[in-house]
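User: I am new to this structure. Please show me how to read its features, one at a time.

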Amino acid sequence: MKERLSNDSILFTIPDNIDKKLIFCLDGVRITLQNIDLSYLRIINMLNKLSQEREQEQKDDYTSVKADAWAYVDNVYRFIGLWGVVNQLIDLELNYKAEFENIIKIRNVQSHLSQRIDNIVSNNFSVSGELSWIKLIELEPLLVKTFFIRSGLFYKKLNFQFNLPKIDGIEFNEYKFGSVIFSVSNYNIDIIRINNIIYKMVSYLEEKLLDIFNGQDKSDFCPSNIFGLAEIDTSTWEHKK
């Protein structure tokens with residue numbers, strides 16, 4: 001299954017003679033997907049590192065993977081919002097809103113942490129959330145391991161359940177990770193499952209746009225990225241010694 005935005009995606013070649021609002025929303029979708037891809041790959045790369053046995057613990061690794069998990073949530077939240085606007089403009093006829101309910105709830109916890117702190121304290125939740133995952137180590141003989149990270153204060157005792165899903169309920173990705181669960185307060189998401197849903201939506205959107213943009217002149221497409229560079233004239237600047 002497709003897991004990343006391809007370089008030849010139609011989202012990189014949006015015509016400039018369509019509705020201006022649609023142009024900006026589709027560009028926002030493209031940028032948001034690139035952010036999602038970056039966060040997702042960083043999470044997977046760090047989980048791969050953490051899944052390997054090593055002699056010395058690197059606590060910065062925990063900070064990195066948690067930061068990327070929060071970035072992933074934030075960008076999926078933004079993707080959901082933009083999808084809703086695009087849907088109003090071109091009628092996508094595809095709705096996965098129920099699948100993203102916990103993304104919205106986790107994002108709200110992040111945005112209103114000070115207001116949720118009493119709930120976090122009373123339940124001994126981690127302020128930064130918890131991350132657990134399954135890794136397929138070997139097929140023959142079958143070897144599967146389960147891992148978790150819980151950063152922050154352990155008050156008196158630690159209550160944590162290892163991630164032990166049923167095998168028929170695990171969606172493994174191409175890197176042999178499955179059931180990557182990010183838990184915040186009372187809510188949790190499976191990052192791999194969410195990513196699979198997003199790219200079902202993206203494939204559908206790309207097909208829809210191909211039909212809409214069919215026959216458009218290639219010279220009339222909006223650029224997707226621009227980089228600028230210039231040397232500053234410092235001849236009139238005062239140099240302090």
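User: How many salt bridges does a search of the whole structure find?

Analyst: Side chains of opposite charge can pair when their charged atoms come close. In this predicted model, the search finds 6 salt bridges. One of them joins Asp68 and Arg42, at 2.8 Å from N to O. This pair links distant parts of the chain: Asp68 is in helix α2, Arg42 in helix α1, and 26 residues separate them.

User: Is Asp68 buried or exposed?

Analyst: Asp68 is buried, at a relative accessible area of 7%.

User: Which residue forms a salt bridge with Arg78?

Analyst: An α-helix has 3.6 residues a turn, so residues three or four places apart point the same way. Here Arg78 pairs with Asp74, with the closest N and O atoms 3.0 Å apart. The two are 4 residues apart in helix α2, about one helical turn. Asp74, Arg78 and Arg107 are linked in a network of salt bridges.

User: Which parts does the pair of Arg193 and Glu99 tie together?

Analyst: Their side chains meet in a salt bridge, 2.8 Å from N to O. Arg193 lies in helix α5 and Glu99 in the loop between α2 and α3, so the pair ties together parts 94 residues apart in sequence.

User: At what angle do α1 and α5 pack?

Analyst: Angles over 145 degrees count as roughly antiparallel. Helices α1 and α5 pack at about 150°, with axes 12 Å apart. They are therefore roughly antiparallel. Their crossing is left-handed.

Notes. Residues are numbered from 1 along each chain as its sequence is written. This is a predicted model: local features need pLDDT of at least 70, side-chain atom pairs count only at pLDDT 80 or more; totals for chains, interfaces and linings use all residues. Side-chain values use heavy atoms; hydrogens and water are left out. Axes are lines fitted to C-alpha atoms, for helices over the stretch in contact, and angles run from 0 to 180 degrees between N-to-C directions. Angles under 35 degrees count as roughly parallel, over 145 as roughly antiparallel, 65 to 115 as roughly perpendicular and the rest as oblique. A crossing is left-handed if the near helix is turned anticlockwise from the far one by less than a right angle, and right-handed if clockwise. A salt bridge is a side-chain nitrogen of Lys or Arg within 4 Å of a carboxyl oxygen of Asp or Glu. Buried means under 20% relative accessible area, exposed over 50%, partly exposed in between (1.4 Å probe, protein chains only).
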